[in-house]
Amino acid sequence: MTPHTDAQPTAAQHPATRSAATALPGRPCSIAAALQVLGEKWALLAVRELFYGNHRFDRIARNTGAPRDRLTARLRALEEAGVVERRAYSERPPRYEYHLTEAGRDLAPLTQALLAWGDRWLSPEPPVVLHHHPHHPKATDDPGHPDRPDHPDHPLDAAWTCRTCGIEVRSPDLTLEVRSPDWDRHGPTTAG
């Protein structure tokens, strides 16, 4: 996962964002645009495997259960969208590994949210547990401080936190600002 920077990338900097939010039918929405790239099961499962460190096609195919032709198409689409990149690891015969780009690594919160939701609502016992390994360059000798170098790893219990105020975000605390012309939160404001 990449560290957060205050500068947010633009659509021009990331091919995966190519102004698709306004090119689809229905409400202009970045969720709809993201689903155009990621909304198929095999695409997200391939991204999951890349996060797990499986970069070769055979491992991705085995671990996702995807039909090879469908997985090939999904990986190609993810590459075209700028989510993954191919890197050669053999010239004879030509062989490639798949790696997440910056846009792909930014999917970490999405995959973690899907994992947490599935664990809570669909799995009697979580089949996978993410562990957090705190590593901080500013180490301290305070035994209870998380910046201490020997702070133990622990299962991840992530929260959605506002970067501006540092408070955990809850759905009732959110309001929607619609910026698309001729739309409000209920739908289109013009007939047609």
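**Stop 1: two packed helices**

Select residues 57-64, helix α3, and residues 68-80, helix α4. The two helices pack at an angle of about 115°, and their axes lie 10 Å apart. Keep in mind that this is a predicted model. Viewed as a pair, α3 and α4 make a right-handed crossing.

Now show the side chains where the helices touch. From α3, pick F57, D58, I60 and A61. From α4, pick R68, L71, T72 and L75. Colour this contact by residue type: five of its residues are nonpolar, one is polar and two are charged.

**Stop 2: T64**

Stay on helix α3 and select T64. Is T64 buried or exposed? T64 counts as buried because its relative accessibility is 10%, and the cut-off for buried is under 20%.

Which backbone oxygens does the T64 side chain reach? One belongs to I60, at 2.8 Å. Another belongs to A61, at 3.4 Å. I60 and A61 were also on the list of α3 residues that meet α4.

Next, display what surrounds T64 from elsewhere in the chain. Beyond its neighbours within four places in sequence, T64 is in contact with W42, L45, A46, R48 and E49.

**Stop 3: the hairpin**

Move on to strand β1, residues 84-90, and strand β2, residues 95-100. The strands run antiparallel, and six bridges join them. Together β1 and β2 form a hairpin, with four residues between them. To find a facing pair, select S90 and R95: S90 stands opposite R95, which belongs to β2. While the side chains are on, recall a general rule: in a regular strand they alternate between the two faces of the sheet.

**Stop 4: T101**

Select T101, in the loop between β2 and α5, the latter covering 102-105. T101 has a relative accessible area of 15%, so T101 is buried. Look for a polar atom of the T101 side chain: the backbone oxygen of G82 lies 2.5 Å from it.

Which residues does T101 contact, once neighbours within four places in sequence are set aside? They are G82, V83, V84 and E85.

**Stop 5: A159**

Finish at A159, in the loop between β4 (154-155) and β5 (183-184). A159 counts as partly exposed because its relative accessibility is 45%. A159 and R170 are eleven residues apart along the chain, and their C-alpha atoms are separated by 9.6 Å.

Terms used
Residues are numbered from 1 along each chain as its sequence is written. This is a predicted model: local features need pLDDT of at least 70, side-chain atom pairs count only at pLDDT 80 or more; totals for chains, interfaces and linings use all residues. Side-chain values use heavy atoms; hydrogens and water are left out. Axes are lines fitted to C-alpha atoms, for helices over the stretch in contact, and angles run from 0 to 180 degrees between N-to-C directions. A crossing is left-handed if the near helix is turned anticlockwise from the far one by less than a right angle, and right-handed if clockwise. Contact means heavy atoms within 4.5 Å. Ala, Val, Leu, Ile, Met, Phe, Trp, Tyr, Cys and Pro count as nonpolar, Asp, Glu, Lys and Arg as charged, and the others, Gly among them, as polar. Buried means under 20% relative accessible area, exposed over 50%, partly exposed in between (1.4 Å probe, protein chains only). A polar contact is a pair of N or O atoms within 3.5 Å; within protein, one must be able to donate a hydrogen and the other to accept it, and residues adjacent in sequence count only if both atoms are side-chain atoms. Two strands pair if DSSP finds at least two bridges between them.
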